[in-house]
Amino acid sequence: MDLFNDLADFSPEQIEELLTLARRLDEQPEPRALQGKVLALLFLSPSLRTLASFQAAMVRLGGGAFVISPDMSIHGLETRPGIVMDGAAAEHIREAVPVIASYGDAIGIRAFAERRNLDHDVADREFAEFRKLVNKPMINMESAINHPCQSLADWKTMDDLGMPRNGGRFVLSWAYHPKALPLAVPSAAVHMACMRGMDVTVLRPEGFELPEPIMAKAHDAANASGGSLRESDDRREAMEGAHVIYAKSWSSTRHYGDRIADEKLRRDLVDWCVDEPWFDNAADDCRFMHCLPVRRGVVVADRILDGPRSVVIQEARNRMLGQMAVLHRMLGRA
Ligand code: CP
C-alpha cells in the first residue's frame, strides 16, 4: 500500500483484512515490526487524536515518528500557489513537503479545507497537489473532504459492538456548532456506513445538504454493499429504529464560503443538540458516535456523552489500532 487516502480506494474485503490485522496487533503486539522505520507527520491544522495516535502507533510497532506544524519554531509556511513571497512567510509548502517526506519512510499530512469554494474542496485539490510533491507512501490525516483514518476506526468500533451491517440503521446527523466546520468527517462517515452495507439516513436541516458528488459516491457504495441511503430533515422519522447516531456539525453547503450567511442560517438551529428525547423511537441500545473533539452542551448533552450510549472513547482508541494496521501494511515486510 503506498497511499491511504479514501476508503473508496479499497474493497470491503480489503477493509476487513485491515481490521483483522488491527485486532491481531492489539491482541498479539509486534513491537519490532517497523524497527528502523520513520513516519513524518505534517499538521497544517490542530489535532489531539491524530497527533497522538500516529506517534503511539509507530512506537508500538517499533518505529519512530516526528511532527512538524506551523506553530512550532519553523519558518513561516506559505501555502498559496504562484505567490510572490515578499510577506512574512519564508518557506513555501512546495519545498517543505518533499523535504519533510525525505526524512521519513512515509508521510502523513493533515490539511483542512479552505472553505471558500465547494467544488475545489469536494475535489480535494490541495491534497492531490501534496501527493504530487511526495514520492513516498502517504496517508491522508484529514483533508478538505476526507478522513479515512477516522472512518476506519468508526467501522471497527461498530464491528466491535456487534452492530449489524445489512439491516443496521445508521443516522448521520448534523448538529449545532457556533462555527462552520469542514465536510471531511461527514463525507467520510456517510461513505463508510454505506460501504459497510447499512441503511443510512443523513439527517440535516435545509441548507446543510451534503454535496451531490459525495451523496452520489455514497449511493454507489450502498448499491454495491446491499445498503441504502436517503436524506431527511425530520428527526423522528430519521431516528426510527436507529442502531447508531453519528453526530457532526458541518458548513452550510447552500452558503459555502459565505460566513455571514452560514451564521444567519445556523443561528436558529441551536436545538440540534443530541439529547435523550432524540432516542425515543430508536433501537433500545442505539449508540452515540462522534469523532471528537466535541462541544458539550452544544453538539450533545452531557448525559449522552457520559452515559452508556456513548462510544466516543472506543472510537478514539480504534484510531490508533486502525492506523497500526495501515502502517504495518505500508511499511512492514510483505
Ligand atoms: N477525530 C480527530 O481527527 O481528532 P483530532 O482533530 O484531535 O485529530
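Is Asn5 buried or exposed? Asn5 is buried, because its relative accessible area is 17%, and the cut-off for buried is under 20%. Before I go on, hi everyone, and please keep in mind that what we have here is a predicted model.

So, where does Asn5 sit? You'll find Asn5 in the loop that runs between strand S1, residues 3–4, and helix H1, residues 12–27. Leaving aside residues up to four places away in sequence, Asn5 touches Phe127, Asn140, Asn146 and Pro148. With one of those, Asn140, there's a polar contact between the two side chains, at 2.9 Å.

H6 covers residues 148–160, which is 13 residues. From its first C-alpha to its last, H6 reaches 18 Å, close to the 18 Å expected at 1.5 Å a residue. And how many of the residues in H6 are buried? It's 12 of the 13, and that makes H6 mostly covered. Among the buried ones are Pro148, Cys149, Gln150, Trp155 and Lys156. After H6 comes Gly162, and if you look at its backbone, phi is positive, near 70 degrees.

Carry on along the loop between H6 and strand S8, residues 169–174, and you get to Gly168. Gly168 counts as buried because its relative accessibility is 0%. Which residues does Gly168 touch, not counting residues up to four places away in sequence? They're Met198, Asp199 and His243. There's also Arg196: it is 28 residues from Gly168 in sequence, while in space the two C-alphas are 9.3 Å apart.

Last stop, the ligand. Gln150, which we met as one of the buried residues of H6, is also one of the residues surrounding the ligand.

Leu48 has a backbone N or O atom lying 2.7 Å from a ligand oxygen. Thr50 uses its side chain instead: a polar atom there is 2.6 Å from an oxygen atom of the ligand. For Cys291, we're back to the backbone, with a polar atom 3.0 Å from a nitrogen atom of the ligand. And how much of the ligand does the protein bury? Taken alone, the ligand exposes 260 Å², and 94% of that is buried by the protein.

That's my tour, so over to you.

Definitions and conventions: Residues numbered from 1 in each chain as written. Predicted model: local features only at pLDDT ≥ 70, side-chain atom pairs only at ≥ 80, totals over all residues. Heavy atoms only, no water. Helix = DSSP H or I, 4+ residues; strand = E, 2+ residues; numbered from the N terminus. Expected span 1.5 Å × (residues − 1). Buried < 20%, exposed > 50% of the residue type's maximum accessible area, 1.4 Å probe, protein only. Contact = heavy atoms within 4.5 Å. Near = heavy atom within 4 Å. Polar contact = N/O pair within 3.5 Å; in protein donor to acceptor, adjacent residues only side chain to side chain. Areas by Shrake-Rupley, 256 points an atom, 1.4 Å probe, with all protein chains shown as cover.
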